[in-house]
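Reader: Hi! Could you walk me through this one? I'd like to start with the charged contacts.

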Amino acid sequence: PRFHSPARRARRRYARTMAADLGTLLDSSYLGDLAERSIDDVRAMRAECQEVESGMSLLRRLVQGRLDIVGLELRRRATGAVPEDASELIAHLPEVLADRTHAPGVGRLPQIMAPGELPEGLQGELDSIVGPAELADLKEVDDERLRSIAGELDAFERRVSEQRRALFDRIDTLQAEIIRRYKSGEASVDSLLQ
């Protein structure tokens, strides 16, 4: 088994118990006193941002999936095709969702492999745009409501993406501060083993 120092265990415990509040993390004062914080605090802040970003990544995928399903129904209606039943929709999902497997640009590797928890309130906001029950029965939704759902989902996805980019900026700033401290000698690799 790998040995984890008491300091490392404390950092992990601190990171898990910190409130993963998206608003707090994105507030302009969050990084304000970074140079005054201990290296353990900076690492814990980075871990907290990474954990929330992981939840935002999951949320973004959920939004994109719903947007793709709504888009499929809009295309079906535009072509005049017969409404599909649930089994036909499920059969089409791999091709519908496949266009989102490669994002433009170089992307980022995930820092945390397990999906994080969704930030509080955002799952409810997504469900208020289109919940699972309505999503499962889109053929019963009128055209105006369907277009409204698509527009709201698109705006929500853009907002979530902007918030993720802001979290990445926080993570990059925190990582740069950690690297700076190691390069300047303010922090030592030996401190990880204490």
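Author: Happy to! For this chat, a salt bridge is a side-chain nitrogen of Lys or Arg within 4 Å of a carboxyl oxygen of Asp or Glu. The model is a predicted one, where local features need pLDDT of at least 70 and side-chain atom pairs count only at pLDDT 80 or more, while totals for chains, interfaces and linings use all residues. Numbering starts from 1 along each chain as its sequence is written, and side-chain values use heavy atoms, with hydrogens and water left out.

Reader: Got it. How many salt bridges does a search of the whole structure find?

Author: The search turns up 16. One of them pairs the side chains of Arg 66 and Asp 127, at 2.8 Å from N to O.

Reader: Where do Arg 66 and Asp 127 lie?

Author: Arg 66 is in helix H3 and Asp 127 in helix H5 (residues 122-129), so the pair ties together parts that are 61 residues apart in sequence. Helices here are DSSP runs of H or I with at least four residues, strands are runs of E with at least two, and both are numbered from the N terminus.

Reader: And is Arg 66 buried or exposed?

Author: Arg 66 is buried, as its relative accessible area is 10%; the cut-offs are under 20% for buried, over 50% for exposed and partly exposed in between, using a 1.4 Å probe and protein chains only.

Reader: What about Asp 33, what does its side chain meet?

Author: Asp 33 meets Arg 37 in a salt bridge of 3.0 Å, N to O. Both ends are partly exposed: Asp 33 has a relative accessible area of 37%, and Arg 37 has 25%.

Reader: Which residue does Arg 145 form a salt bridge with?

Author: That would be Glu 152, with the closest N and O atoms 4.0 Å apart. Arg 145 is partly exposed at 26%, and Glu 152 is partly exposed at 34%. There is also a network in which salt bridges with shared partners join Glu 73, Arg 76, Arg 77 and Asp 143.

Reader: Nice. Switching topic, how many helices and strands are in the chain?

Author: Seven helices and zero strands. Of the chain's 194 residues, 35% count as buried.

Reader: Tell me about H3. What length does it reach?

Author: H3 has 41 residues and spans 59 Å from first C-alpha to last, close to the expected 60 Å. That expectation is 1.5 Å times one less than the number of residues. Just after H3, Gly 80 takes a positive phi of about 80°.

Reader: How do H3 and H7 cross?

Author: The axes of H3 (residues 39-79) and H7 (residues 143-184) come within 8 Å and cross at roughly 160°. That makes the two roughly antiparallel. The axes are lines fitted to C-alpha atoms over the stretch in contact, with angles from 0 to 180 degrees between N-to-C directions; under 35 degrees is roughly parallel, over 145 roughly antiparallel, 65 to 115 roughly perpendicular, and the rest oblique.

Reader: And what residues, by class, make up the contact of H3 with H7?

Author: It has 23 nonpolar, six polar and 15 charged residues. Here Ala, Val, Leu, Ile, Met, Phe, Trp, Tyr, Cys and Pro count as nonpolar, Asp, Glu, Lys and Arg as charged, and the others, Gly among them, as polar.

Reader: Speaking of Gly, which helix holds Gly 55?

Author: Gly 55 lies in H3 and is buried, at 0% relative accessibility. Its C-alpha is 9.6 Å from that of Arg 164, 109 residues apart along the chain.
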